[in-house]
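Here is a short tour for someone opening this entry for the first time. Please keep the sequence and the 3D view side by side while reading.

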There are 2 protein chains.
Amino acid sequence: MAGLINSTEGILFTDFYQLTMAQLYHEAGMHSKEVQFEYFFRTYPDYGEHKAGYCVNCGLQSLIEWMQGASFTDKDIDHLKKHKGSNNKPIFKKRFLSWLRENGNFKGLSMRAIPEGRVVHPNVPLVVVEGPFAMAQILESSLLNHLNFQTLVATKAARIKDASENGVVIDFGMRRAQGKGANEASRAALIGGAEFSSNSGLSYSLGYLPKGTHAHSMVQAYMAQGYGELKAFQSYADLYPDDCLLLVDTIDTLKSGIPNAIKVFKQLKKKGHKPVGIRLDSGDLAYLSIQAVRMLDRAGFKETLIVLSNELDELVIWQILSQIRKESSRYGVNPGNLIKRLVYGVGTRLATSAGDSSLDGVYKLTAVKQNNSWLPAIKISEVAAKTINPGFKKIFRIYDKRKKATADLIALDGEDISRQKEILLYHPIEPSKIRRLGRVHISEIEALLVDIIKKGKTVYSFPSIENIRQMRDKDLDRLDAGIRRLINPHIYHISLSQGLWELKQKLTKNKINSYK
Amino acid sequence: MAGLINSTEGILFTDFYQLTMAQLYHEAGMHSKEVQFEYFFRTYPDYGEHKAGYCVNCGLQSLIEWMQGASFTDKDIDHLKKHKGSNNKPIFKKRFLSWLRENGNFKGLSMRAIPEGRVVHPNVPLVVVEGPFAMAQILESSLLNHLNFQTLVATKAARIKDASENGVVIDFGMRRAQGKGANEASRAALIGGAEFSSNSGLSYSLGYLPKGTHAHSMVQAYMAQGYGELKAFQSYADLYPDDCLLLVDTIDTLKSGIPNAIKVFKQLKKKGHKPVGIRLDSGDLAYLSIQAVRMLDRAGFKETLIVLSNELDELVIWQILSQIRKESSRYGVNPGNLIKRLVYGVGTRLATSAGDSSLDGVYKLTAVKQNNSWLPAIKISEVAAKTINPGFKKIFRIYDKRKKATADLIALDGEDISRQKEILLYHPIEPSKIRRLGRVHISEIEALLVDIIKKGKTVYSFPSIENIRQMRDKDLDRLDAGIRRLINPHIYHISLSQGLWELKQKLTKNKINSYK
């Protein structure tokens, strides 16, 4: 698809109906009408055997950078000009296309959002876009694409890191990732829980050093030429004496790979170098890592790392650690020491969020400005949970006396939550479920949305990946252990304020009456 | 990631270990040694409840275009130059980097491959790369990335089209697809089974018109301003009188959406236009489409289409059609007529291959040239099925007397399969399973690999998407119905020739002896 990057990755990286709707708004004189759209997801990723209890917000900076570079080029306009409808006439009118050529960019939009790295929950607006209707509409597809996928992968990465008990996780996913989406996956992995990535270009571009070991093909190549695994290892060690990490399963892990690695490590040690470790990529990784540590320890390499790879994910890692805890001592190995030396190369199941390969984020019109005031917009669904929360909103996170997050509260703009003596938390769907939270039980009320763009001008200074990770860790620390549980997590409270609840009831009733 | 496209999408779109291995081959003087790598996948996608019985090969042209544009730029070299190892010295030596700057491209490689759109099966080499070791190695990650994902999505699309009984499928997936991988997903969907895509830029770039309807937000916007759904529909119909397809579930499908759509369709008809159809995006799609057809028929719109969307995949479509067949007649609707009018907007579950989000394709060294002859390379695995098939190979598809494909045969280069009176088909793992196929039962033996690149020169003329689709249909027609079955498909035979079987046995034995 070379040479077509402008059309495939620029502003036409959007669903076609955004363009036909934008033209309709232009024809109806509604294209400049100020509106609000909200981005939120409806459910946590559900990986089949296990469901997430939280998500890690991700993708915002990538989206903003895309928005800054996106506008209708002559080539884009040309594609639209040539597009004919069923009547063989152009679908797009000249007046719309010339408007689009002039105004078809995102410079009129404002955006509030929850920063990247924050822990987030369903039905809470993570991004609020405000601005002229036509361009706010055209933004939809790309916004969803950027945010859904990166939040999905960052969440998976956080779970994997959690399962590894804060071990070092390296993203190895690009070979089975989704085309160029591999880059977004690696970025999200670095934000959500991976320390490093094997993806070279992406790592360098974000200021990280990519990491890796070597492949089976290296050993095979030496063998095909009549040399052995040992010679392959020696050559590698000669070239990378201080970064020597050897893959030991090309022939036989315990009988060939580890003994040969130990021979090479001894030579390195003699020359004053410190071998880094070995990688296990097949077989029973728990059993093999116990045996590996035994052999390495006996040979005097008590600090070399053991990198595990091969279809790892949070459950597989959890099982490996459980097995090590149970089985190590029978081989005279201290499980705690072993676990500290493990590094996790996690690929496919991280990059593709195996088990649940999409986040169900949506972008919904919530308010329209009329005579300087916001009119709430609503879509009534046959499923109550899918009926949109209308109006201009604020989001608060409420922390209890233990300084743990106890609820996210979606409120109307006008409501002054912080002054209320007792906060009423309405269940988003069930009218009878109301939680009353007295001021005395609250340690902090935090507003979550921050200004990112005001009328096209970026007013937010994007934090470094390091800073994003710190925010993530701080938020994870403030989650109840039950919410972080890998399987069957406790359910975090997402509540509506009294004002929002009442507005939603009123509008739903009106809308239902309107077609009767 | 603006401005970083060169490093993130160019030749550094690779795993880091490819670069460290390439340097090792350079240091060892092996970088120019001619080698062969093969790309193959090991298992069909397994979607949990159901497993594929075939795949549709896809991604080759995208890969070749990437290869043609990929080489080490000054910026790339600069990233590598600055990369320091644990000893705080540069990982990459100057002599390697200057070699890379001069020779770091894919112009020395040759490639044979099975064309896009062909039906393909596990363990059969789909691509054979031949050329200098270092660059053949660096190619690995990007090759896997391009081919694994597109074959995965093309396969899903073929199954969805099959389930729809050759109905029109439209790709709606970009909003939940994997970042820029959405473009690769849309291309693969168009090749595998989707007629059209909503992805505007990608569709235009491939010469297709993107398709779409409108969103709920359009109706909501009119409503928030005090108008109704009817007014929204009328405005849309006025602007697109010959392309009028209305989304009818913003308020209530049966009580509001369809009656309003019918009113608008009647106005269009009076003015001499033909309304296109309606879209159902929530609720019981089988029940609602029966009711919709009833209402549309009664109003005289016996040809308007019904577009279904909302988390569709092959099983959901299959269930909808079954339900329509069972239930239509009780409402006086002819199920066959209804089914002919259905169009399927398939999004998330297609673009992300929900249920199995990755294809397990690998790229393995199979041969190394020494003194002008190919030495087979092998990796022995603890799992017999994962032991690589060694050597320089050819692939044949054997058709039986009914002209159905009956087996894919992997043979050594020297073997003359077409002259054998009886072909022995060895099971790839189990020694006792040998199928004997007499010449008299064979209608055709087809060589599957074609020359794509010879020493960097593309010698293959890439077919149009239309031609690729014809190849796909031809291949699907030549599959047994049992292999195409959505659930629990019959297993297609992938066999080794006698020559390959014997070579593999010999090498495995030698390798196992070599470390004893």
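Which residue of chain B comes closest to the rotation axis? Gly181(B) does, with its C-alpha at 2.1 Å. This is a predicted model, and the distances and angles below are computed from it.

## How the two chains relate

A rotation of 180° superposes chain B on chain A. The shift along the axis is 0.0 Å, and the RMSD is 0.0 Å. That is the relation of a two-fold axis. Both copies use the same surface: 100% of the contact residues of chain B recur in chain A.

The contact draws 106 residues from chain B and 107 residues from chain A. On the side of chain B that touches chain A, helix H2 (residues 16–27) of chain B gives the most, with eight residues. By class, that side of chain B holds 42 nonpolar, 48 polar and 16 charged residues.

## Confidence and overall build

The model scores ipTM 0.94 and pTM 0.95. Chain A has an average pLDDT of 93, and 97% of the residues score at least 70. Residues 1–5 of chain A are another matter: pLDDT stays under 50 there. For this stretch the model has nine contacts beyond four places in sequence.

Chain A has 516 residues, of which 55% count as buried. Its secondary structure comes to 19 helices and 21 strands. Along the principal axes, the C-alpha atoms of chain A fill a box of roughly 80 × 60 × 40 Å. Among contacts in chain A with a separation of 6 or more, 73% are between residues 24 or more positions apart.

Is strand E14 of chain A enclosed or open? Six of the eight residues of E14 (residues 393–400) of chain A are buried, so the strand is largely enclosed by the rest of the structure.

E14(A) pairs with strand E15 (residues 405–412) of chain A and with strand E18 (residues 442–447) of chain A. The table sets out the two pairings.

| Partner of E14(A) | Sense | Bridges | A bridge pair |
|---|---|---|---|
| E15(A), residues 405–412 | antiparallel | seven | Phe396(A) with Leu409(A) |
| E18(A), residues 442–447 | antiparallel | five | Tyr399(A) with Glu444(A) |

E14(A) and E15(A) form a hairpin with four residues between the strands. Lys403(A) lies in that loop. Its phi is near 70°, a positive value in a residue other than glycine. Is Lys403(A) buried or exposed? Lys403(A) is exposed, because 11 other C-beta atoms lie within 10 Å, and 12 or fewer count as exposed.

Asn488(A) also has a positive phi, of about 55°, although it is not a glycine. Asn488(A) sits in the loop between helix H18 (481–484) and strand E21 (493–496) of chain A. With 9 C-beta neighbours inside 10 Å, Asn488(A) counts as exposed.

## A parallel sheet in chain B

Now turn to chain B. Six strands form an open sheet there, in the order E7-E6-E11-E10-E9-E8. The pairing is parallel. Which strands are at the edges? They are strand E7 (196–197) and strand E8 (245–247) of chain B, and each pairs on one side only.

Ile170(B) stands opposite Phe196(B) in E7(B).

## One residue up close

Met471(B) lies in helix H17 (residues 465–477) of chain B. Met471(B) counts as partly exposed, because it has 18 C-beta neighbours inside 10 Å. Which residues does Met471(B) contact, leaving aside its neighbours within four places in sequence? They are Pro115(B), Gly117(B) and Arg118(B).

Met471(B) and Ser432(B) are 39 residues apart in sequence. In space, their C-alpha atoms are 35 Å apart.

Key. Residues are numbered from 1 along each chain as its sequence is written. Chains are lettered from A and ligands numbered from 1 in the order in which they are written. This is a predicted model: local features need pLDDT of at least 70, side-chain atom pairs count only at pLDDT 80 or more; totals for chains, interfaces and linings use all residues. Copies are superposed by least squares on the C-alpha atoms of residues with pLDDT of at least 70 in both. Two residues are in contact if their C-beta atoms, placed from the backbone, lie within 7 Å. Helices (H or I, at least four residues) and strands (E, at least two) are DSSP runs, numbered from the N terminus. Ala, Val, Leu, Ile, Met, Phe, Trp, Tyr, Cys and Pro count as nonpolar, Asp, Glu, Lys and Arg as charged, and the others, Gly among them, as polar. pLDDT is the predictor's confidence in each residue, from 0 to 100. A residue is buried if 20 or more other C-beta atoms lie within 10 Å of its own, exposed if 12 or fewer, and partly exposed in between; C-beta atoms are placed from the backbone. Two strands pair if DSSP finds at least two bridges between them.
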